[in-house]
Each structure stands twice: as structure tokens, then as C-alpha cells.
Amino acid sequence: MAAAVFERGAHSVSGTLETLLKKVDDSDLGHLIGDLTPTSRALISGAVIAILVKLCFGKPKERRKYITDLSTVGKPVERGQNLVSADAPVYDVIIIGGGTAGCVLAARLSEDPTMNVLLLESGGSGRARSESRIPAAFTKLYRLPEHVHNFWTEAQEFAKGKKKFWPRARMLGGCSSINAQMAQYGPPGDFDEWATIIGDESWAYKNFSKYIRKFEKFIPHRDYPEVDASVHGTTGPVQVGFNTTVSGWCSRFIKACINAGIPSTHDFNAPKGLIGAARANAVTYVNTDHERVSSENAYLTPQVLARPNLKVAIKATVTRILFEESGNTKVATGVEFTSAPDGPLFHARSKKDVIVCGGAVQSPHILMLSGIGPAAHLQFFGIPVIHDLPGVGQNLVDHPIVDLYLLQKGYIESFRHLGNPKSVIDILKVIHALLQYHVFNTGGPLAMNHGEAAAFVRTDDPSLFPPSEFPEKLLDSTSASDSPDLEYFTTPGAYLEHGAFLFPNYHTYGVHVYLLRPTSRGTVLLNSVDPFAHPKVDPNYLATREDVLKLVRGIRLGLKISHSEPLNSLLDHSSTADQFDHQLHLKTDAELEEIVRERVETVYHPTSTCRMAPLYQGGVVDSNLKVYGVKGLRVCDASVFPSIISGHTAGACFAVAEKLADEIRAEYGSQF
Ligand SMILES: Cc1cc2nc3c(=O)[nH]c(=O)nc-3n(C[C@H](O)[C@H](O)[C@H](O)COP(=O)(O)OP(=O)(O)OC[C@H]3O[C@@H](n4cnc5c(N)ncnc54)[C@H](O)[C@@H]3O)c2cc1C
């Protein structure tokens, strides 16, 4: 009864707020608010109280218990002890890194009650952070070193010598806990290419796609009946669907793409491939409660964590993998870990496998610290070489992005206030958004993931890039004739510095163009032997001319889309302001090339630094993800991708881990 009264009261507060906001929006901004009436003030206070009451007394969030006392999962040891302590706790499998892939493996392997699994994660719980749970809030995490490894790249030789900010998650769920939640898994041709590179058909799309369906729980939506649910997984742990809020800019972008000559598509993840334009979150990793779906909350459920054969320790950084000789072979027999740079060290022993799931930056880092990598590089740092494996840390590839900053004509629709409330009106809007999200569970602006519509194209598509205007034939770096090499996505506001700067005095619109199949390759190398020191990350952006020319084409088409209706009428193309791009179409290709080199940034998708490939092609792992030349050691995360996919990378990480879990269980069977 009390709850019903509360709900009704809160609804009426929200309704009144909505009316008030509408009035404010319709009026000339700013006047109404200067001196709020007592009624308005009462409404605001009511809304705030409603939110607080809901937060305090609403349905409690499921609490998940993780191990923080490392002495309960490891044996304390002295520094410099190179063999696993004889009385260290023993596990069948030790997983290093509870990220996107690591949580999948922990949950799937421990389904076998005879398999003892230890998962060690350097950070804390992602789910415990509201910035991770609330879809719109993730960029707030980027600069917090406790939750994010905030790497910087080396100065980029081909990008004006600038160092680039490269956030990677440091929490359970890994980057699936901080990513933009867009769920596009890559076109079938990419996985067929993987199978060809490694010479194993189990990676071809027709076989590998069962693992995509295994992780997926697709939630259809009545507004998108064209999406064929039968080609999706419906029983997996990772809920994907249309549960994010999108602004009116989403459909405007898709219409403008179609008017610019890009076909429309309904489902970027259907087996037929993903060329075309659609609501980007044709699915997102956001559930029906409008919360992010990370690998932590999808896989490490309270039921999974209650398994006696699974231990999940947080604030546990692995400092190295330890090896023993068996005949002529080096065998990984355990790990050394600690909670802090000067903290006590612990050992744990593995009977079967140590699986490195540290991500594309840290997996090669951990291997090198442990003596697996290019011998000369390890010797330079005085690290005893366990196995000379030149491919470790090589082949780094990332999707380079160029953002276009556009100005709305007047005020069309904007969410600037969410990140940067500047007036009482903005504060009212924020309160309204909080009510929608926290009290009524209707989503609202906090349920946005920002990247709301997307288009995938090929730079050799003659209908988009007619040879008369684009005569130069560029290298085809795609995996198949129906795989794209450029992606666009849009945000209802433009931003700089990874979302830290939102053009506070303007209502803006962002079009982002990125290269899906770059040919430039970089490295992850050691900076120091200190496991807590960041490695040297050098994506070597734009080292090849192909990459630059394709991005120049991408900018041209992006501008054409912005000049196509309905965007054309809603954007202020008369603006000559320097910080906006309305005059960019007048620039020569050489001038655009300079802009590409000036602006290029990461779209946070590094892969392939422990590549699954034959040894002679710089491979680090075989098709079962076993590290070449040693025993008992595997890698499983984005670092093993044989080539970067023309999509977003989290989906393939889930699927690769699902596949490995199946294979390990089949390989060891009843041996546990
Ligand atoms: C800001 C951002 C936005 C993105 N947006 C999208 C998107 O919209 N859609 C999409 O599909 N992909 C997106 N991605 C990419 C995608 O999320 C990643 O490719 C994927 O999640 C990587 O998974 P992983 O398993 O390779 O590594 P991670 O998920 O990064 O996991 C690595 C884990 O290992 C831990 N770790 C590292 N070293 C150690 C150690 N020594 N000891 C213990 N633990 C350790 C880390 O703390 C981390 O938790 C985005 C990424 C970022 C950063």
C-alpha cells in the first residue's frame, strides 16, 4: 500500500517535471528558471527524495562475494622464489584476468564439479560500480586508475608525434564492464579467414558461430520485427537486445545514410553479413532492466560463485607465471600474485593449465615478464628466457577512428546536460533522467549507450566512391567481398578527449568514422621488469598510406551523409567555426590527410598481440590456444585474434572463450 502511494506520488512528480521541462524547452531557455517558484522547488525536492527512497529501499542488488584475502587462495612466499611453493594450493586451471574472456572460462569450466578453478583479477567488481552498470555513465570510469589501466601509447610517428590515451578495464568483466555496449560481432568472412590462417575449420563461421549463439540471449523487440530471432542464440548468459534509449538522431542518421546511397539493414549480426546502415544497437549489451551486461554479471552469477570448485579472487595481480622442466620441455606449473606493488607475494599451483586472459595489452606483458617472448628483448631487461617466442607483443592492431564534430541548427535534441549540467534547467533534466532510470525503470537518457546508429561500408564500393571521383585503387584488406572496411557510428553529441570534453556551450552532433581493417601493425613491449609498470604500447597508427587514404574516403562519405536529408536540414552547415567540421568538404585530400593524422584516436579494439597463427607467421598460440614451445599454458582473449574483426571485439572474446571452455572440457574429460 505504502509502496503504491509512493509510486503514484513519484509518478506525478515525474509527470509534472516533464511538463515543466517541456515548457522550459519550448520557451527561450534560461528565463523561467532564474527564480524558481516554491512549487518548483518542492517538486525538485520531492523528486530527489523519491530517488533516494527508491535507492535506499528499492529492490536490493544481488551482492556477489569475492575473495580479497589472498592467503585463502595462495601460499605466502618470499620474493625471488622461482619454483611454485611445494605447499601452495593446487587448482586444475588458473585463469589470469577476470575480464571479458576470463569470466566466461571461469564459469564454463567450473560447470564440471570435478574441475577446480582459480580466477585472479587485478581489479575489483565492475558490477559494484554504478558507472559501469548504468549504460550512459561508462566514460566516467576511464581516468580512475583503481578501475582502469590508463595506458598511454608511445608518441605516434605517423600521427603528429602525439601520445594517445588507451584505457583498458581493471575490474571483473574487464573491458565488457567499461565498453560502449555495442554488440556487432563481425562478418562471417572474418572467422573464415581465421580458419584459413590457423588451418583449422573449427574456427570457420559455419562452426564457430555456434559459440556466438551459445553466449547470446537475444531479446526480440516489437519495434524491430524484421530481425530474425531464429538466427540468434536465445538461451545464453549474455542478454542482448534493444534495451537502450535512442534519440531522434538515430533514425535521422539511418535515413541520411540511405539517401547517401548506403543500403539499410536490420541486423548486423545475421549470417548474411553486415554491410548497410541500422540502429547500431540493433543490439546492445544492455538488459531489460536497462543495465549493462558484462561478462561479470552474465557469467559470475551468485549460483556460479557458490560452486565449491570455483574461487574468484579480486585485487589479485599476477606478477609472473612459474615454470618447471619436464624432460626437455618447460611446463607452466603455477603463478605468483599480489594485491599491491609492495604487497606480500603468493603462489598457487596449476595441475593442467594456466590460462592468460589479460587482454591485448597485458597478456603479452605477462608472458614477457614470465620469460616467454622475443629472447633479445627479454635479455635486455635481464629476464631469464623460458622460451624464445618472437611473436609475443607483435602484430598489435587497433581500429583507428576520426571524429567529426557538427553543430545542430539551433537546438534540436541534445543530452549535453547529462555530463555537464550548466543551469537549473539542466539540473531539472538530470533529476528527471534519474527518476526515469532509478524510480520508474523506463530507461530514459541514462539508458543510452551514446553510439546509437551505425553503418558499415566498403571503401571500394563504386556506388559510394565512384572511380571518377576516387580513381586510386586501394588495397583490399577485407576478409571477403561482403565484409566491410569502414564503420560509422553516431552520437547525439560530439565530444573530445574520450568523452571528457562535451563542447559545453553548443548543441552538437558527432559522426565517427573508423577503419575496420587497418594494415598498420604495432607492438606491446616491456618498459621495465616491474609488473605494475605499464608496458610500451605502440599501435603505430597510420604507418601505411592505405590506412590514411581509406580514412580520407571515410571522412568524405561521412560529410556526404551529414549533407543528406534529414541531417542536412538539421545541422548548421553554414557554421565556419574552427572547432566544427561544416567546411571540411571544401578541403583537398592532402588537407584531409593532415586532419586524419592530427585527430586519429583509438576506438578501443586492440587485438592480435598473442596471435593464433602458425609460428612462421608470428604465431604465439596454436588452434587450441596453447602457447607454442611450452606446456600447460594458454592464452584466451582479444590478443589471440588471428586478424582484427570488422566489427566490435567483445562478442568474439565471449565466443572464443566459450569455444576454449568446451575444448578444455573435452580434452581433459574425466581426468579431473
Ligand atoms: C572504452 C571501450 C569501449 C569499447 N566499446 C566496445 C563496444 O561497444 N562493443 C564491443 O564489442 N567492444 C567494445 N570494446 C572492446 C571490447 O570491450 C574488448 O575488445 C574486450 O572486452 C576485450 O576482452 P579481453 O577478454 O580481451 O580483455 P579484458 O576484458 O580487457 O580483460 C582483461 C582483464 O585482465 C585483467 N588483468 C590484466 N592483467 C592482469 C594481471 N597481471 N593479473 C590479474 N588480472 C589482470 C584486467 O584487469 C582485465 O580485467 C570497447 C573497449 C573499451 C576499452
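Tutor: Start with burial: a residue is buried if 20 or more other C-beta atoms lie within 10 Å of its own, exposed if 12 or fewer, and partly exposed in between, with C-beta atoms placed from the backbone. Two ground rules: residues are numbered from 1 along each chain as its sequence is written. This is a predicted model, where local features need pLDDT of at least 70, side-chain atom pairs count only at pLDDT 80 or more, and totals for chains, interfaces and linings use all residues.

Student: Is H605 buried or exposed, then?

Tutor: H605 has 23 other C-beta atoms within 10 Å, so it is buried. H648 is buried too, because 27 C-beta neighbours sit inside 10 Å.

Student: What does UniProt list for H605 and H648?

Tutor: An unreviewed UniProt entry lists both under "active site". They span 44 residues in sequence, yet no two of their C-alpha atoms are more than 7.1 Å apart, so they gather at one spot. Keep in mind that such annotations may be inferred rather than shown by experiment.

Student: Which residues is H605 in contact with?

Tutor: Contact means C-beta atoms, placed from the backbone, within 7 Å. Leaving aside neighbours within four places in sequence, H605 touches D398, H399, I644, H648 and T649 by that test. On the same terms, H648 is in contact with M182, Q184 and H605.

Student: Where does H648 lie?

Tutor: Strands here are DSSP runs of E, at least two residues, and helices are runs of H or I, at least four, numbered from the N terminus. H648 lies in the loop between strand 23 (633–635) and helix 17 (650–668), while H605 is in the loop between strand 21 (601–602) and strand 22 (630–631).

Conventions. Two residues are in contact if their C-beta atoms, placed from the backbone, lie within 7 Å.
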